[in-house]
Amino acid sequence: MKRLLAVGLLVLGTASGVRAQSEVPAQQAPATQANENVALDFSRTSASSQAAVSPSDSLWAFTASSRSPDPFASAAMEPFPLAPSLASPAYPPAAPTPAPKVKDTGLGYRWQIGLGLALVRFRSSVYYATAVGLNTSVSYFFIDSLAIEGAVTSAFAPAVFQSYEKVKYVGYGAGPKYYFMRDKFQPWVHAIVGGVHILPQTTLGSQNGFEVLAGGGLDYSLNPNWALRLEGDYVRTQVFGQSQNNGQAVFGIVYHF
């Protein structure tokens, strides 16, 4: 019986202690609620209305704005861009060094065609003749001032002797041609080796022979493609079994391309 009474008292004491602990937080509840109200009232003030931002959040926002593909995002960061004239460097740029001048001695083209009025003076031991005709030439320039030229001169003269046969002269050949300078006036020299065909034929030999021409001229440029030409040449022929010293003059026009 005594044991039962002791156990009952122990249970009753334990229950009273548990009830007392449960009542302490209930009594402290008003103070806690008051503290919460005070904190709530303080959070509603204008000073606390700005939300605090952590450094990591600011760094993330700056990185996101810098990577934004929107072209207006960067414009918003600079509402007042500098004028182009105000963005000049502190020191003016140095003046560019002028390129060295190179003297151009070339003619600026590869082909040349000439056509002119020719006057040929043929002299031999058989007859003399002054023939008038045409001179044509074609030149190809390997380098700026040196060319290979081919030329043909055909001319006609009045009749000689009593046969009433007119003089017919054809000289042809090819050789080098050299220009000295490029300007309005373009002097040049050339040498042509070829042949000659002349009528009437005499009893002294064939109507065909050998010809060497050496001389020069002057071209006056009208524009980049056209020029006037004045030419004078010494013509050495070997026909009728003898040599002849002849002359030739040409006045014409030249086309360059």
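The model is predicted, so local features need pLDDT of at least 70 and side-chain atom pairs count only at pLDDT 80 or more, while totals for chains, interfaces and linings use all residues. Residues are numbered from 1 along each chain as its sequence is written, and side-chain values use heavy atoms, with hydrogens and water left out.

**Overall fold**

- The protein has three helices and eight strands; these are DSSP runs (helices H or I, at least four residues; strands E, at least two), numbered from the N terminus.
- Along the sequence the pattern reads α-α-α-β-β-β-β-β-β-β-β.
- Of the 257 residues in the protein, 25% are buried, where buried means under 20% relative accessible area (1.4 Å probe, protein chains only).

**The barrel**

- Eight strands close into a barrel in the order β1-β2-β3-β4-β5-β6-β7-β8, with antiparallel pairing; two strands pair if DSSP finds at least two bridges between them.
- Strand β2 (residues 128-141) and strand β3 (residues 146-160) run antiparallel and are joined by ten bridges.
- Tyr140 has Ile148 in β3 as its bridge partner.

**His190**

- His190 lies in strand β5 (residues 185-199).
- His190 has a relative accessible area of 6% and is therefore buried.
- Leaving aside neighbours within four places in sequence, the residues in contact with His190 include Glu149, Pro176, Leu213 and Asp233; contact means heavy atoms within 4.5 Å.
- The side chains of His190 and Asp233 make a polar contact (2.7 Å), which is a pair of N or O atoms within 3.5 Å; within protein, one must be able to donate a hydrogen and the other to accept it, and residues adjacent in sequence count only if both atoms are side-chain atoms.

How values were computed. Buried < 20%, exposed > 50% of the residue type's maximum accessible area, 1.4 Å probe, protein only.
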